[in-house]
Amino acid sequence: MKKTKRCTMCGKKFELHDKFADLCFEKQVGYGSAHDGETLKLNLCCECFDRLADVLNLICKENIFR
Ligand SMILES: [Zn+2]
């Protein structure tokens, strides 16, 4: 049985719209970062992605959305 996907931030079970939005990120961190060798893994529901994206956009010099 496939494990139910949950949001990393709020722990909510993914609903259909969360699956469609596909806001899951997996990235191996390379040399130069304190997290070198670790893998970043984020599964975000739509609500948490929007909150995180708004915060990120605030602290970024450039608009992160194109
Ligand atoms: Zn969430």
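Strand β2, residues 39-43, is hardly covered, and the count of buried residues among its five residues is zero. A residue is classed as buried if 20 or more other C-beta atoms lie within 10 Å of its own, as exposed if 12 or fewer do, and as partly exposed in between, with C-beta atoms placed from the backbone. Strands (E, at least two residues) and helices (H or I, at least four) are DSSP runs numbered from the N terminus. The model is a predicted one, in which local features need pLDDT of at least 70, side-chain atom pairs count only at pLDDT 80 or more, and totals for chains, interfaces and linings use all residues. Residues are numbered from 1 along each chain as its sequence is written.

Strand β1 (residues 24-28) pairs with β2 in the antiparallel sense over five bridges; pairing requires that DSSP finds at least two bridges between two strands. Threonine 39 in β2 is the bridge partner of glutamine 28.

Leucine 40 is found in strand β2. Leucine 40 is exposed because 11 other C-beta atoms lie within 10 Å. Its contacts, not counting residues up to four places away in sequence, are Phe25, Lys27 and Val29, a contact being a pair of residues whose C-beta atoms, placed from the backbone, lie within 7 Å. The C-alpha atoms of leucine 40 and lysine 27 are separated by 5.1 Å, and the two residues are 13 residues apart along the chain.

The loop between α1 (16-21) and β1 contains aspartate 22. The phi of aspartate 22 is near 55 degrees, a positive value in a residue other than glycine. Most residues other than glycine have a negative phi. Aspartate 22 is exposed, with 9 other C-beta atoms within 10 Å.

How values were computed
Contact = placed C-beta atoms within 7 Å.
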